Amino acid sequence: MAKNIQAIRGMHDVLPEQSARWQFVEQHIRDVLGVYGYKEIRLPIVERTELFKRSIGEVTDIVEKEMYTFDDRNGDSLTLRPEGTAGCVRACIEHGLLHNQTHRLWYFGQMFRYERPQKGRYRQFVQLGVETYGMADADIDAELIILSHRLWQRLGISGSVELQLNSLGTLEERAGYREQLVDYFSAHSEQLDEDSQRRLLSNPLRILDTKNPEMQALVEAAPKLMEFLGAESKAHFKGLTDRLDALGISYTVNKRLVRGLDYYSKTVFEWVTTELGAQGTICAGGRYDSLIEQLGGKPGHAVGFAMGMERILALLENRQDLGDSQTVDAYMILVGESAQRAGIILAEQIRDSVPGLKLQMHCGAGSFKSQFKKADKSGARYALILAEDEVSNDTISIKFLRTDEEQRTVSSAQLIELLQD
Ligand code: ATP
Ligand code: MG
């Protein structure tokens with residue numbers, strides 16, 4: 001026998017019994033985004049490699065070691081998107097959406113990163129991305145956080161997540177800070193791991209983002225970027241925290257929060273949970289005004305976030321009450337060839353007349369007993385039974401699978417009436 005071909009490591013199937021949960025979460029997300037006036041944008045999965053190098057930054061984990069990059073047949077270097085923001089900005093510039101306009105956008109999509117697969121960390125995973133353009137003030141930064149907060153409430157996980165905030169200031173403010181940071185880390189260079197040694201010159205801020213537990217104390221004691229911010233950056237940050245305070249959304253200021261990508265300025269934030277072990281960040285984002293220019297657009301404003309869908313799903317794992325929105329309402333049992341022929345027509349009539357009803361018709365012959373078992377297992381409330389008697393009398397029997405109500409034999413018109421209630 002031929003050997004089975006299996007899925008690629010770190011890339012997972014979502015099986016039918018799990019997809020109802022995905023739909024539950026996706027539906028709430030769509031609802032909440034609609035409530036705030038956000039519109040969907042759909043973007044390609046593959047982009048030019050250059051786009052990610054220029055936006056995410058050459059000296060980041062993603063670009064250094066996590067991208068799925070390959071040459072197209074004509075020699076162009078292409079990459080499976082590791083995140084959505086770069087493609088979104090690329091599209092908005094390309095289609096002229098960033099001139100004197102404001103936009104509130106969202107997308108769902110598969111992202112690809114060559115990471116070590118573990119719980120909550122995969123090589124293909126799904127993000128919800130939310131991106132806004134053309135708004136400079138802190139009110140839009142606040143809106144994004146308020147919106148995600150409402151989503152946690154809807155999903156019933158607001159008790160499991162905590163908000164962390166920081167401000168990265170402007171590029172200039174970071175330049176001054178960078179010098180101090182290099183001095184500090186150079187003075188303790190013997191404590192730096194290999195990655196951090198390398199970053200000391202290329203991208204010292206990224207050292208703050210290290211996940212190496214042995215470096216935590218060193219990083220904890222490092223100079224804080226917050227102390228290098230100018231008046232405008234400080235006022236912007238206060239504009240954000242004032243609004244969150246006014247709405248009673250609690251947060252902690254995490255002065256070490258720098259995020260793993262290069263393009264942020266001013267606001268950065270993460271929603272984290274302690275319930276998922278090391279992979280605790282379920283949603284992360286911030287302001288990335290400078291990325292628009294970096295990708296060839298006119299100076300502009302941008303704030304957004306990305307949410308890791310698998311991690312949200314993992315948080316909801318223990319919720320039994322989500323129900324299965326895919327369970328059918330009725331299961332049609334067809335015994336005998338004439339019933340099979342008549343049933344396919346009757347099923348269509350029912351679907352025409354009762355559009356909301358989920359009706360599954362048995363396909364393939366089988367004894368009444370075996371079909372009835374399937375009807376019961378389907379979770380349907382009704383079994384609709386068509387056997388020889390019913391066909392010759394032009395009737396159908398309905399059996400109530402979840403209540404004591406007695407089985408009845410009725411005309412198809414009566415059945416439709418009954419199902420419409
Ligand atoms: P981490 O610090 O966990 O590696 P990150 O900073 O690389 O995250 P972002 O690029 O900001 O993550 O992506 C936003 C969100 O997408 C993360 O907070 C997380 O929820 C999710 N995410 C990122 N990488 C993965 C992955 N490999 N598998 C599953 N989810 C992921
Ligand atoms: Mg990462």
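Predicted model: local features only at pLDDT ≥ 70, side-chain atom pairs only at ≥ 80, totals over all residues.
Let me start with ligand 1, which has 16 residues around it, the closest being Arg-113, Glu-115, Arg-121, Arg-259 and Thr-281, where a residue is near a molecule if one of its heavy atoms lies within 4 Å of it. Residues are numbered from 1 along each chain as its sequence is written, chains are lettered from A and ligands numbered from 1 in the order in which they are written, and side-chain values use heavy atoms, with hydrogens and water left out.

By class, the shell around ligand 1 holds 6 nonpolar, 4 polar and 6 charged residues, with Ala, Val, Leu, Ile, Met, Phe, Trp, Tyr, Cys and Pro counted as nonpolar, Asp, Glu, Lys and Arg as charged, and the others, Gly among them, as polar. The strands β6 (124-133), β10 (281-287) and β11 (302-308) each supply at least two residues of that shell, and the largest share, 3 residues, comes from β10; helices (H or I, at least four residues) and strands (E, at least two) are DSSP runs, numbered from the N terminus.

Turning to individual atoms, an oxygen of ligand 1 lies 2.8 Å from a polar backbone atom of Thr-281, and an oxygen of ligand 1 is 3.0 Å from an N or O atom in the side chain of Gln-127. Taken alone, ligand 1 exposes 580 Å², and the protein buries 92% of that, with accessible areas taken from the Shrake-Rupley method with a 1.4 Å probe.

Which residue forms a salt bridge with Arg-154? The partner is Asp-31, and the closest N and O atoms are 3.6 Å apart. This pair links distant parts of the chain, since Arg-154 sits in helix α5 (residues 138-155) and Asp-31 in helix α1 (residues 16-35), 123 residues apart. In general, side chains of opposite charge can pair when their charged atoms come close.

Methods:
Polar contact = N/O pair within 3.5 Å; in protein donor to acceptor, adjacent residues only side chain to side chain. Salt bridge = Lys/Arg side-chain N within 4 Å of Asp/Glu carboxyl O.
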